[in-house]
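Visitor: I would like to learn how to read a protein model. Could you walk me through it?

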Amino acid sequence: MINPKLLREHPETVKLSLKNRGCSDDVFATLQQLDIQWREKQQELERLQALRNESIPKGKPTDEERQKLSELSKNLKELQEDVNNVKDKLDGFSIEIPNILQPDTPIGQDETSNIVIREEGTPKSFNFKAKTHDELAIKLQLIDFDRATKVTGSRFATFTGLGAKLERAISSFMLDVHTQSHGYIEVSPPVVVNSAAMQGTGQLPKFEDDLYKIDNDYWLSPTAEVQLTNHHHGEIIPNEQLPIKYCAFTQCFRKEAGSYGKDMKGIIRLHQFNKVELVQLVEPSQSNKFLMELLYHAEKILQLLELPYRVVQLCSGDIGFSSSKTYDLEVWFPSQNQYREISSCSNFLDFQARRSKIRYRDTNQSVDYLHTLNGSGLAVGRTFAAILENYQTESGIIQIPNKL
């Protein structure tokens with residue numbers, strides 16, 4: 001949820017951000033109208049409550065005083081119901097509103113307006129036709145797509161033999177770097193999460209069609225961002241404990257409902273995939289500084305594996321629902337002659353913290369919402385694929401990076 005103080009004190013900022021995200025003017029108008037309506041009714045409720053308290057007699061009440069108190073109580077009950085109804089409408093509408101963009105976010109309708117910040121490493125080129133990662137994986141018996149389809153269905157993969165060993169080595173390497181060099185606390189959370197946790201990080205209700213639901217209140221997690229952020233759901237954290245930095249290796253599950261026909265072959269877009277996730281809970285004034293730190297931590301994996309990549313800042317039409325600012329890392333795929341996303345590093349400001357009720361107590365003992373950050377460090381399957389393609393030889397053998 002966006003900060004209501006921002007809506008009231010800087011409405012034009014909110015209106016412009018929503019417009020840049022592609023929301024209609026009606027979205028802002030409805031949000032502002034509901035907020036004004038709720039505040040007016042809340043003020044009237046407080047006025048009536050004060051009047052009732054003033055009307056309570058110190059001694060035995062007269063019939064007239066009883067009648068007055070009865071009418072006030074009846075009016076208060078009706079007004080309280082009215083206030084609750086408006087608040088429910090406001091909350092229900094607000095939870096569908098995307099986060100406010102930071103001022104330096106590029107403006108554009110889609111990924112074509114994203115800005116390449118820099119490129120690192122030299123894209124691999126070969127004196128032979130580069131094979132795709134799925135061709136290499138099948139030939140070397142690293143991944144069995146056909147048997148995964150028999151067991152489950154399309155867009156699933158079974159890593160076998162040296163493929164399973166390489167996947168395990170990649171994830172262990174990432175976790176070791178982040179815990180030993182970057183100071184993250186490793187967490188091994190459940191992959192089943194409840195609706196409150198999914199709503200807290202912004203997956204619900206916006207992306208329900210992309211999620212795997214187990215029953216009325218449980219879901220398969222689409223990213224460990226959900227578990228790691230909500231690890232402190234409803235808590236007040238002392239300022240001296242910030243920043244808190246968590247990393248986790250988990251299985252992730254997504255239907256990819258809006259991606260039919262994209263990357264049907266290989267392991268770029270699977271329904272079940274493994275990922276190492278990075279999450280930071282930080283003091284608000286430092287959040288953009290820590291975003292750059294988190295970005296560096298994700299980049300370090302690509303640097304150590306000597307994989308060419310680039311850093312891209314996402315525009316207003318391509319940025320995630322919950323994010324205020326996002327940098328993507330895109331790794332080079334020789335067979336496609338292009339860069340592909342392997343990590344998104346985002347600053348959510350207090351958007352997720354408000355939804356998950358995560359606050360901090362500053363040095364003056366004041367309590368406010370902290371800021372949350374997250375990024376993949378990295379997507380294990382896409383790293384696996386990038387290694388196969390960038391380290392392939394003409395004979396089809398893969399030269400494993402020294403760090404693995």
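Visitor: Does Gln-352 count as buried or exposed?

Guide: Good place to begin. Buried means under 20% relative accessible area, exposed over 50%, and partly exposed in between (1.4 Å probe, protein chains only). Gln-352 has 1% relative accessibility, so this residue counts as buried. Before we go on, a word on the source: this is a predicted model, where local features need pLDDT of at least 70 and side-chain atom pairs count only at pLDDT 80 or more, while totals for chains, interfaces and linings use all residues. Residues are numbered from 1 along each chain as its sequence is written, and side-chain values use heavy atoms, with hydrogens and water left out.

Visitor: Where is Gln-352 found, and which residues does Gln-352 touch?

Guide: Helices (H or I, at least four residues) and strands (E, at least two) are DSSP runs, numbered from the N terminus. Gln-352 belongs to helix H11, residues 351–356. Contact means heavy atoms within 4.5 Å. Leaving aside residues up to four places away in sequence, Gln-352 touches Gly-200, Thr-201, Glu-225, Thr-229, Ser-322 and Thr-372. Thr-201 is 151 residues apart from Gln-352 along the chain, yet their C-alpha atoms are separated by 5.1 Å.

Visitor: In what order do the eight strands of the open sheet run?

Guide: Two strands pair if DSSP finds at least two bridges between them. Here the order is S1-S11-S12-S13-S16-S10-S9-S4, with mixed pairing. S1 (115–120) and S4 (185–186) stand at the edges with a single partner strand each, so one side of each has no neighbour in the sheet.

Visitor: How many bridges join S12 to S13?

Guide: Nine, and the two strands run antiparallel. Glu-330 stands opposite Glu-341 in S13. S12 and S13 form a hairpin with four residues between them, and Asn-337 in the turn has a positive phi of about 55°. On to the next pairing: S13 is joined to S16 (residues 371–379) by three bridges, again antiparallel, and Ser-346 stands opposite Asn-374 in S16.

Visitor: How many residues of S13 are buried?

Guide: Seven of the ten residues in S13 (residues 338–347) are buried, which leaves this strand mostly covered. As a general idea, in a regular strand the side chains alternate between the two faces of the sheet.

Visitor: And where is Ile-214 found?

Guide: Look in the loop between S6 (212–213) and S7 (218–220). Ile-214 is partly exposed, with a relative accessible area of 46%.
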